[in-house]
Amino acid sequence: SGFEDVIAMLALYRPGPMESGMLDDFVERKHGRAEITYTFAELEPILKPTYGVIVYQEQVMQIVQTIGGFSLGGADLVRRAMGKKIKEEMDKLKDEFDNGASAKGFDRKKAEDLFDLIVKFAGYGFNKSHSAAYAMITFYTSYLKCFYPTEFMAALLTLEKDNTDKIVKYSDELKKMNIDLVAPNINKSDLVFVADKLEDKNVILFGLGAIKGVGESAISIIIEARSEGEFTSLEDFISRIDPTKVNKKVIEALIKSGAMDPLGYTRKAMLTQIEEILEASSKVALAKKMSI
């Protein structure tokens, strides 16, 4: 229901807080199914955003300052000792906290119980500034995925274009989002994944750069040749590309991916005749060179 919840979610959805019951406690309190209590009224401003649950290391530091009278430097020592779980150090700090609380007029027994509670939670405490930075990224990406789903997913696929497992994972996500991932097309696809519209439906064109075995230099040659107009046939394609850059390995990968389907031949026909295709391409390139 707010940005603070996103920060807390990232801090709490970790094995430690989940196993300790902190997460369940937080959820129950947030939804009013469990009572929110504070050992001292002075803790409310510190713990109100997390419904009375100690979630962040910064809260621990604020508590020992407010109740135990620690300096900012002393509070940081508490944070570090709790993180490392050094018993001797913790016992010493507990005495210092209890004495400081008594000196400030707080009930000593309650202060002792509070420190025990701090120790329990601090072992799982997360750095809030760290969590807030991740929460900002979470907010941005959630917003983009919600309001610009096709563009967002196209960017995500482009980012992971060299990772086949991620491509498969995000392709499954596209199915859930009812966005079609259109097969690569020698006349339509770019180097990267591109958000587009086909017959009034949002689609993503598969990026040629994500086809295994097709390097970026070869794709650049193809896109540059295509800038003069779409390839109308296999013969047209052969006559306009550089066979030294768009070699057998590249053409095989393009055929198998379906990128060359629009050129009028079946994949089987093109694969069985690939040597002839390459020979023809070389002859065209040589003829061009000789005519210059």
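The model is predicted, so local features need pLDDT of at least 70 and side-chain atom pairs count only at pLDDT 80 or more, whereas totals for chains, interfaces and linings use all residues. Residues are numbered from 1 along each chain as its sequence is written, and side-chain values use heavy atoms, with hydrogens and water left out.

The protein chain has 16 helices and three strands, defined as DSSP runs (helices H or I of at least four residues, strands E of at least two) numbered from the N terminus. Its radius of gyration is 31 Å, well over the 19 Å that the globule rule gives for 292 residues, so the chain is more spread out than a compact globule. That radius is taken over C-alpha atoms, and the rule is 2.2 Å times the number of residues to the power 0.38. Along its principal axes, the C-alpha trace spans about 100 × 40 × 30 Å. Of the 292 residues, 38% count as buried, where buried means under 20% relative accessible area, exposed over 50%, and partly exposed in between (1.4 Å probe, protein chains only).

The structure holds eight aromatic pairs. Rings of Phe, Tyr and Trp (its six-membered ring) pair if their centres lie within 6.5 Å; planes under 30 degrees apart count as stacked, over 60 as edge-to-face and the rest as tilted. The rings of Phe26 and Tyr51 have centres 5.1 Å apart and planes at 80 degrees, so this pair is edge-to-face. It links distant parts of the chain, with Phe26 in helix α3 (residues 22-30) and Tyr51 in the loop between α4 (44-47) and α5 (57-66), 25 residues apart. Both Phe26 and Tyr51 are buried. The rings of Phe139 and Tyr140, with centres 6.1 Å apart and planes at 40 degrees, form a tilted pair. Phe139 is partly exposed at 43% relative accessible area, and Tyr140 is partly exposed at 49%.

Phe139 and Tyr140 also belong to a nonpolar surface patch, together with Phe3, Met136, Tyr143, Leu144, Phe147 and Tyr148, with about 810 Å² of accessible area together. Patches are made of residues with over 30% relative accessible area and no salt bridge, like charges being joined within 9 Å and nonpolar side chains (Val, Leu, Ile, Met, Phe, Trp, Tyr) within 5 Å; a salt bridge is a side-chain nitrogen of Lys or Arg within 4 Å of a carboxyl oxygen of Asp or Glu. Helix α9 (residues 128-147) supplies the largest share of the patch, six residues.

Technical notes
Accessible areas come from the Shrake-Rupley method with a 1.4 Å probe; for residues, only the protein chains shown count as cover.
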